[in-house]
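Hi everyone, thanks for coming.

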Amino acid sequence: MNLKNIFPVVLCILIGFFMGNFMFNEYSAKTDTVSLTGETLYFLQAGVFSNEEEMKKEMSNFSYYIYTKENNMYYSYVGIVKNEKNLEKLKGYFKSEGYDIYVREIFTSNISFITVLDQYEMLLSETKDNKIIKSICNQILSKYEELVLLDKN
């Protein structure tokens, strides 16, 4: 090959590379998730704390709780439900125990946990016994910790 033919080939390859790179960067910057499988759940929040030691001290009255760290704050949760009827039942339970509970809606895409939660919610909707309600809440939190929180790590 002579030099006259090599220059246009190299030029075409370079232009193709830069145009492909440009198009790829534009495409990836503008992608949005169209559909995500999951559901919005009601998390019963017992408090927000600035440090972990303070949270552990304040949450010592609860037999079981989970927490997440977001924006350097610790959010503690004592229950998770999907159904509004069960939400009202749990709010009533914690109010009768003397706790102020806040409801926070959080989207969860872990299908395994949502399936387990459906089963526990059937049990929860059938009971009025506070010991059973407490036990179901603890089991739901344990499953959330196992299937969602530990799965993220």
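Predicted model: local features only at pLDDT ≥ 70, side-chain atom pairs only at ≥ 80, totals over all residues.

The chain has five helices and four strands, and if you read along the sequence, they come in the pattern α-β-α-β-β-α-β-α-α.

What about the overall dimensions? The C-alpha atoms fill a box of roughly 90 × 35 × 20 Å along the principal axes. For 153 residues, a compact globule would have a radius of gyration near 15 Å, but this chain has 25 Å.

Okay, let's go inside. Buried residues make up 30% of the 153 residues. The largest nonpolar core has 34 residues, and Leu44, Val78, Ile80, Phe94, Phe113 and Tyr144 are those with the most contacts inside it. β1, β3, α3, α4 and α5 each supply at least two residues of this core, and α5 gives the most, with eight.

Let's zoom in on one of them. Which residues does isoleucine 80 touch, leaving aside its neighbours within four places in sequence? Its contacts include Leu41 and Leu44, and also Phe113, Ile140 and Tyr144.

Now for the surface. In soluble globular proteins, nonpolar side chains tend to be buried together. Here, though, Leu3, Ile6, Val10, Leu14, Phe17 and Phe18 make a nonpolar surface patch of about 630 Å². Take leucine 3, which is found in helix α1, residues 3-29. Is leucine 3 buried or exposed? Leucine 3 counts as exposed because its relative accessible area is 70%, and the cut-off for exposed is over 50%.

Technical notes:
Residues numbered from 1 in each chain as written. Heavy atoms only, no water. Patch = residues over 30% accessible without salt bridge, like charges linked within 9 Å, V, L, I, M, F, W, Y side chains within 5 Å. Areas by Shrake-Rupley, 256 points an atom, 1.4 Å probe, with all protein chains shown as cover. Salt bridge = Lys/Arg side-chain N within 4 Å of Asp/Glu carboxyl O. Buried < 20%, exposed > 50% of the residue type's maximum accessible area, 1.4 Å probe, protein only. Core = buried A, V, L, I, M, F, W, Y, C linked by side-chain atoms within 4.5 Å. Contact = heavy atoms within 4.5 Å. Rg over C-alpha atoms; globule rule 2.2 N^0.38 Å.
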